[in-house]
Structure formats: C-alpha cells, structure tokens
Amino acid sequence: MTEVTKGVWYGLSAYTIWGCFPLFFALFEGVPAYEILIHRIIWSCVFLALVISGLRRWQAVRAALGNPAQLWRVLACAVLIAINWGVYIYAVETRHVLQASLGYFLTPLVNVALGMLVLRERMGLWQMAAVILAGIGILIQLVLLGELPWISLVLACSFGTYGLVRKQVVLDGLSGLFVETMLLLPLGLLTFGWLVGEGTSHFGDSAYIGALLIASGMVTAIPLLLFAGAARRLRLATIGFLMYINPTLQFLIALLVFGEPLSEVQLASFLVIWIALGLYSWSSWHYRPRVPAGQN
C-alpha cells in the first residue's frame, strides 16, 4: 500500500467517524448536553495525555505552555472548540442534526469569507459567487421559514473562526488539542465537582452511562489521529474533498435514522448551499497548483 493510499484510508476513516458522531451522542439518553461536554473535555485530556506520552511529544506541549503570547491564542481556540462541541451535542440531543450537517457544509465557505475579511486574502470570482450563494441559502430559511438556523451558523462560524485562530498557533493537531482541553480542564473538573455535590451528576447512574462518558474522550481523539495521518500524506485539495463525507453522513443519519422532517424550504436551502460548494470545490480544483504526475 502506497503512502497516498494509506492517507486516503486514514482520511476516509476520520471523516466517517466524525460523520457518525450523531449515532454516538444519541446514546446519552437523559444526560444534558453541558454535562456530556464537560466529560468530553475531561476524558479527552486524559486520553490525549496518554497518547502524547506514548509518542513522546511533550516537548511541543512544554513549549506552548512556556509561551504566554501563544497561550492566549490557544485559549481562544479552546473556547471556540468548546462552543462548537457543546452546540453540536445539543443539536444531536434535540434532534437538529440536519442543522448540524448544514453547519459543516457551510464551514468551508465561512473559511473563505473569514480569509477575505480578516486576512485580506484575495477571493476569486467563483469563490465569491459561492459565498454569496451560501448567504442566499441561509436567507431562504430566514425569509420563508421566519427563523434563523442558529445551530448551523454557530457551528460554521465557531469552527471557521477556530481554524483562523489555529493557523496562528505553532502546534500540531494532537498537541494543540491536548493543550486546548488542558486549559479547559479546571473548569470541567469544577463543574463536575459541583454536579456531584448537588447530586445531579449522571456519571454514577450506571456503568453504561459512565463508560459512554469516558469513551467520549477516545471518540474525540481517535479521528484526530487518523486525520493527522491523512494530512501528512495527502494534498490539501484531496483533504478538502474528503471533508464532505462528514456532513453528508450526518445529513443521511438525520433523515434515515432519526427521521427528522425536511421541508421544501429546507431542501431548497440545502440545494443552494450544495451548488455553492460545487462552485467552490470546482474553483479550488481548477486553480490548484500543478504537481508532478504520480503525486496526490
């Protein structure tokens, strides 16, 4: 198996796991989203610490902790990813997975818009058209349904902004996520202690729920490790196409497993955003830097 083939399999595995997250988080029947979030933070930190120890990657972590200027950016990343995780878990808990999938379909276009507005990056004609179409897709729901798909917007904007800030942090994905969760760990532990003191913690309700809460840490870290393996072996354009597996699986799970209703207005909104993504993907592929044959 070539390195490129390995990279494709790593990428497929990572995005398939992420796409199946609704099935996992739907298992936490009766556990509030905020409690799942704090356990996801706690157990992700524990699991990532074990992985970093096994891979002997503590030097990067120590360097990040010893750089206050960088640490503020990591803290901003931590807050953004916590918002993203929390809203996503809430979306699954309240059966708004269609909105969650729409949010992750929107994320690449939010990245393009943020690059133009914040980093002053030049936007091509087709990319600009894609961003405008995405805005029209959101307006369709706002005007015809009379409501803003806030879950979609929060997920897309929080993850898009996370990516923007994360680009300014000199840390690999594994070490970066560990430092982020470590910065959130005190708040997570304090909240967990408060829930236990109030007698409202679900951690000790049953071995099943306890195991699920602990497993949330592994489920968070494993696709990240797979993605890191893919990113080292594949071009960014290839990774960009694979990423659509995640929201597509969430979309299908919402319809076929959870039975969420899809109105004509919502379908029209999705279609407009899919066209926008098609334009964006075509533009990215057509204007990509040319590489020698045989490379991916």
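At what angle do helix H5 and helix H9 pack, and how far apart are their axes? In this predicted model, in which local features need pLDDT of at least 70, side-chain atom pairs count only at pLDDT 80 or more, and totals for chains, interfaces and linings use all residues, helix H5 (residues 68-93) and helix H9 (residues 173-198) pack at an angle of about 80 degrees, with their axes 8 Å apart. Residues are numbered from 1 along each chain as its sequence is written, and side-chain values use heavy atoms, with hydrogens and water left out. Axes are lines fitted to C-alpha atoms, for helices over the stretch in contact, and angles run from 0 to 180 degrees between N-to-C directions. The angle makes H5 roughly perpendicular to H9, a class that covers 65 to 115 degrees, whereas angles under 35 degrees count as roughly parallel, over 145 as roughly antiparallel and the rest as oblique.

On the H5 side of this packing, Leu71, Val74, Leu75, Cys77, Ala78, Ile81, Ala82 and Trp85 meet Leu177, Val179, Glu180, Thr181, Leu183 and Leu184 of H9, where contact means heavy atoms within 4.5 Å. The residues of the contact of H5 with H9 divide into 12 nonpolar, 1 polar and 1 charged, with Ala, Val, Leu, Ile, Met, Phe, Trp, Tyr, Cys and Pro counted as nonpolar, Asp, Glu, Lys and Arg as charged, and the others, Gly among them, as polar.

The protein as a whole has 13 helices and 0 strands, helices (H or I, at least four residues) and strands (E, at least two) being DSSP runs numbered from the N terminus. The C-alpha trace spans about 55 × 45 × 40 Å along its principal axes. For 296 residues, a compact globule would have a radius of gyration near 19 Å, and the 20 Å of the protein agrees with this; the radius is taken over C-alpha atoms, and the globule rule is 2.2 Å times the number of residues to the power 0.38. Among contacts between residues at least 6 apart in sequence, 86% join residues at least 24 apart. Of the 296 residues, 46% count as buried, which means under 20% relative accessible area, with exposed meaning over 50% and partly exposed in between (1.4 Å probe, protein chains only).

In soluble globular proteins, nonpolar side chains tend to be buried together. Not counting residues up to four places away in sequence, isoleucine 273 touches Leu102, Phe105, Leu106, Ala134, Gly137 and Ile138. Phenylalanine 270, placed in helix H13 (residues 264-286), counts as buried at 2% relative accessibility. With residues up to four places away again not counted, phenylalanine 270 touches Leu98, Ser101, Leu102, Phe105, Phe251 and Leu262; phenylalanine 270 and leucine 102 are 168 residues apart in sequence and 7.2 Å apart in space, C-alpha to C-alpha.

Helix H3 (33-55) contains glutamate 35, which is buried with a relative accessible area of 0%. Beyond residues up to four places away in sequence, glutamate 35 touches Leu195, Thr200, Ser201, His202 and Phe203. Tryptophan 43, also found in helix H3, is partly exposed, with a relative accessible area of 24%. Its contacts, leaving aside neighbours within four places in sequence, are with Phe203, Leu213, Ile214 and Gly217, and the C-alpha atoms of tryptophan 43 and glycine 217 are 4.3 Å apart although the residues are 174 apart in sequence.
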